[in-house]
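Okay, thanks for coming, everyone. Let me put the model up and then we'll walk through it together.

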Amino acid sequence: QALCHFGSRCSLSGEIAVVHVSRSTAMASATVHETNDVAEVTAPTLLGNEEAAATDAAGKKVVAVAQAVAPAQVPDPKAYQPVARTEDEDDGREPSYLMQFLLCATAALEGADTALLPAAMLALQEDVGLKITDLAYLNTAQAVCTNIAAPFWGILADRGILERKTILIIGSLGQGAVTCMLAVITILGPMIFLRALNGALLAALRPISNGIIADMTAESKRGKLFGRVQSSLMFGMFITSLVVVPIARKEILGIQGWRVAFVLIGAVSLVVSALLYLLM
């Protein structure tokens with residue numbers, strides 16, 4: 001072995017020569033020039049604590065060992081700047097019209113269920129004997145369970161435990177079944193339980209629909225899509241109030257009108273779940 005410094009020449013005894021570099025070294029690469037039995041090692045700088053090896057044509061190996069630790073390199077801030085989308089890429093993304101229709105249908109379903117109980121309130125007071133406070137219990141149970149269940153459905157979707165399509169089908173199908181059950185049950189306790197379950201199932205619709213819009217729509221078009229979905233929700237409330245209020249206190253084929261209204265809304269929910277299964 002031979003001890004060498006910058007620009008020095010050293011004779012190789014055997015196959016390997018070790019070069020120790022001074023502490024002032026920060027960064028380096030070793031260059032080896034060989035003549036018959038002498039290897040000239042030029043080591044301007046070497047990376048700290050790392051070994052740089054160079055092999056000559058005859059198979060002799062020269063190893064340079066750096067004794068100083070190189071200072072940490074400061075990353076270039078420009079390298080971490082986000083790449084902006086081009087205008088063409090940003091403006092071209094939006095769900096298909098079929099997907100938009102399905103999302104608007106689920107929103108209209110939620111709006112219809114929201115307006116169903118207030119529209120049939122007077123009929124429930126007369127036929128079932130519910131009080132205003134009882135109706136408040138029904139609405140409160142649904143609202144509380146909706147707020148509790150919404151994050152749960154979002155976690156299932158974000159972690160991939162259930163597909164978004166599956167969650168929407170579960171929500172609409174379950175809501176339809178519960179609404180049909182409410183048409184035949186007139187005892188307050190079971191009604192409160194079913195309305196709470198109904199709220200938990202309805203919570204699966206809006207968060208998942210909003211997530212689909214956010215993922216599939218360009219930023220410049222999200223407002224338009226969210227506006228359509230919200231308009232569909234209000235449209236569902238409007239149609240339900242327009243239809244249920246006049247028939248709630250009447251009899252249709254010998255059946256109380258409010259019961260018919262509950263079954264109709266439940267049937268619409270089942271149809272929406274079938275459309276989601278077949279078309280989404």
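This is a predicted model: local features need pLDDT of at least 70, side-chain atom pairs count only at pLDDT 80 or more; totals for chains, interfaces and linings use all residues.

The protein chain has 280 residues, and 38% of them are buried. For secondary structure, we've got 9 helices and 8 strands. If you take the contacts with a separation of 6 or more, 66% of them are between residues 24 or more positions apart.

Okay, helices. Let's begin with α2, which runs over residues 97–119. How far apart are the axes of α2 and α8? They're 6 Å apart, and the angle is about 40°. The crossing of α2 over α8 is right-handed. On the α2 side, the residues involved include L103, C104, A107, A108 and G111, and on the α8 side they include R228, V229, S232, L233 and G236. Sort that whole contact by class and you get 14 nonpolar, 7 polar and 2 charged residues.

While we're here, have a look at R228, which sits in α8. Is R228 buried, partly exposed or exposed? It comes out at 33% relative accessibility, so it counts as partly exposed. Skip the neighbours within four places in sequence, and R228 touches Q100 and C104. R228 and C104 are 124 residues apart along the chain, yet their C-alpha atoms are separated by 7.0 Å.

Now the other α2 partner I want to show you, α7, which covers residues 206–216. Here the packing angle is about 155° and the axes are 10 Å apart. Anything over 145 degrees counts as roughly antiparallel, so that's what we call α2 and α7. The crossing of α2 past α7 is left-handed. Who makes the contact? From α2 it's M99, L103, T106 and E110, and from α7 it's R206, S209, I212 and I213. By class, that contact is 4 nonpolar, 2 polar and 2 charged.

Let's move to α9, residues 257–279. I265 is in α9, and it counts as buried because its relative accessibility is 11%. Leaving out neighbours within four places in sequence, its contacts are L109, A112, L116, Q175, T179 and T240. Take T179 from that list: I265 and T179 are 86 residues apart in sequence, but C-alpha to C-alpha they're 7.2 Å apart in space.

The second one is S273, also placed in α9. S273 has 5% relative accessibility, so we call it buried too. With the neighbours within four places set aside, S273 is in contact with I169, S172 and L173.

Last stop, a couple of loop residues. G129 is in the loop between α3, which is 121–127, and α4. Its relative accessible area is 49%, so G129 is partly exposed; the exposed class only starts over 50%. From G129 to I187 is 58 residues in sequence and 9.8 Å in space, C-alpha to C-alpha.

And then there's L253. What's its phi? It's positive, about 55°, although L253 is not a glycine. You'll find L253 in the loop between β7, residues 251–252, and β8, residues 255–256. Its relative accessibility is 84%, so L253 counts as exposed.

Conventions:
Residues are numbered from 1 along each chain as its sequence is written. Side-chain values use heavy atoms; hydrogens and water are left out. Axes are lines fitted to C-alpha atoms, for helices over the stretch in contact, and angles run from 0 to 180 degrees between N-to-C directions. Helices (H or I, at least four residues) and strands (E, at least two) are DSSP runs, numbered from the N terminus. Angles under 35 degrees count as roughly parallel, over 145 as roughly antiparallel, 65 to 115 as roughly perpendicular and the rest as oblique. A crossing is left-handed if the near helix is turned anticlockwise from the far one by less than a right angle, and right-handed if clockwise. Contact means heavy atoms within 4.5 Å. Ala, Val, Leu, Ile, Met, Phe, Trp, Tyr, Cys and Pro count as nonpolar, Asp, Glu, Lys and Arg as charged, and the others, Gly among them, as polar. Buried means under 20% relative accessible area, exposed over 50%, partly exposed in between (1.4 Å probe, protein chains only).
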